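I opened this entry to keep a record of what I looked up in one structure, and in what order. The sequence and the coordinates come before my notes.

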Amino acid sequence: MEQVALENAHYRKIELSDAIYVVDIQGYIGDQVSKEIAFAKRKGKEVIFHSVYTKNNRIRFVEK
């Protein structure tokens with residue numbers, strides 16, 4: 001029950017935000033984060049992936 005409340009609160013934060021920042025170390029994205037990305041996209045939020053950045057410049061991320 002508490003887990004569901006926490007998840008709902010997290011999705012509410014996504015609804016209130018302009019974008020989400022996904023920390024996908026070595027390209028790994030877990031199941032819950034995948035659900036959050038899909039939710040954010042359905043809500044029209046920008047999704048920014050950590051993997052698209054290098055130390056000196058930005059590179060294009062290719063979705064799988």
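Basis. I am working from a predicted model, in which local features need pLDDT of at least 70 and side-chain atom pairs count only at pLDDT 80 or more, while totals for chains, interfaces and linings use all residues. Residues are numbered from 1 along each chain as its sequence is written, and side-chain values use heavy atoms, with hydrogens and water left out.

Layout. I find two helices and two strands in the protein, and along the sequence they follow the pattern α-β-α-β; helices (H or I, at least four residues) and strands (E, at least two) are DSSP runs, numbered from the N terminus. Of the 64 residues, 25% are buried, where buried means under 20% relative accessible area, exposed means over 50%, and partly exposed lies in between (1.4 Å probe, protein chains only). I also looked up the contacts, meaning heavy atoms within 4.5 Å: among those with a separation of 6 or more, 61% join residues 24 or more positions apart.

Strands. How do β1 and β2 pair, in the parallel or the antiparallel sense? I read β1 (residues 19–22) and β2 (residues 46–49) as parallel, over four bridges; two strands count as paired if DSSP finds at least two bridges between them. A19 stands opposite E46 of β2. The chain passes from β1 through helix α2 (residues 31–42) to β2 in a right-handed β-α-β crossover, that is, with the strands pointing away from the viewer, the path from the first strand over the helix to the second runs clockwise. On β1, I20 and V22 form the covered face, whereas A19 and Y21 form the uncovered one. In a regular strand the side chains alternate between the two faces of the sheet.

Helix α2. I checked its length: at 1.5 Å a residue, the 12 residues of α2 should span 16 Å, and its end C-alpha atoms are 17 Å apart, which agrees; the expected span is 1.5 Å times one less than the number of residues. The buried residues of α2 are E36, I37, F39 and A40. They cover an arc of only 165° around the axis, so they lie on the same side of α2, the arc being that of the directions from the helix axis to the C-beta atoms. These buried residues pack against α1 (2–16), β1 and β2, while the face turned away from the buried side carries the exposed residues D31, K35 and R42. After α2 comes G44, with a positive phi near 80°.

Two residues. Leaving aside neighbours within four places in sequence, V22 is in contact with V33, I37, V47, I48, F49 and H50; its C-alpha atom is separated by 8.2 Å from that of I37, 15 residues apart along the chain. K41, in helix α2, is partly exposed, because its relative accessible area is 38%. K41 and A19 are 22 residues apart in sequence and 9.4 Å apart in space, C-alpha to C-alpha.
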